[in-house]
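Please look through the structure below before reading on. The paragraphs that follow lead from a single residue to the sheet and the core.

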Amino acid sequence: MEKKYTKGPWEVCEHSWSDTSVSASGKQICSLTIYDEAKEETQSELETIQSANAALIAASPDLLEALEDLIDCCDGNYPEAVEVATEN
């Protein structure tokens, strides 16, 4: 499978409570921003959700590698499942 993404590691950078980015090798992968929906009573919850989303995005290269390892491990035993997992 050809990999067409920025090589890791991907890192989370929290610029402020409302602005977070994910980057690798000095290149920004994505940015997450909490806009107008943030109010004083929802700020903490939104910040927690944004941090969790950024961590999940940053983990993507590692998750892909784990999935590829699992596919390799299952290839001989579950060919139908591997076929579905590797469809583009």
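Which residues does C30 touch, not counting residues up to four places away in sequence? C30 touches T20, S21, V22 and I57, where contact means heavy atoms within 4.5 Å. This is a predicted model, in which local features need pLDDT of at least 70 and side-chain atom pairs count only at pLDDT 80 or more, while totals for chains, interfaces and linings use all residues. Residues are numbered from 1 along each chain as its sequence is written, and side-chain values use heavy atoms, with hydrogens and water left out.

C30 also belongs to the largest nonpolar core, whose seven residues are W10, V22, A24, C30, L32, A54 and A58; such a core is a set of buried (under 20% relative accessible area) Ala, Val, Leu, Ile, Met, Phe, Trp, Tyr and Cys residues joined through side-chain atoms within 4.5 Å. At least two residues of this core come from each of β2, β3 and α1 (43-58), with helices (H or I, at least four residues) and strands (E, at least two) taken as DSSP runs numbered from the N terminus.

The three strands form an open antiparallel sheet in the order β1-β2-β3, and two strands pair if DSSP finds at least two bridges between them. The edge strands, each pairing on one side only, are β1 (11-14) and β3 (27-33). Four bridges join β1 to β2 (residues 19-24), and E14 stands opposite T20 in β2.

In the segment before β1 lies T6, which touches A24 and I29, again not counting residues up to four places away in sequence. T6 and S25, 19 residues apart in sequence, are 8.6 Å apart in space, C-alpha to C-alpha.

Key: Buried < 20%, exposed > 50% of the residue type's maximum accessible area, 1.4 Å probe, protein only.
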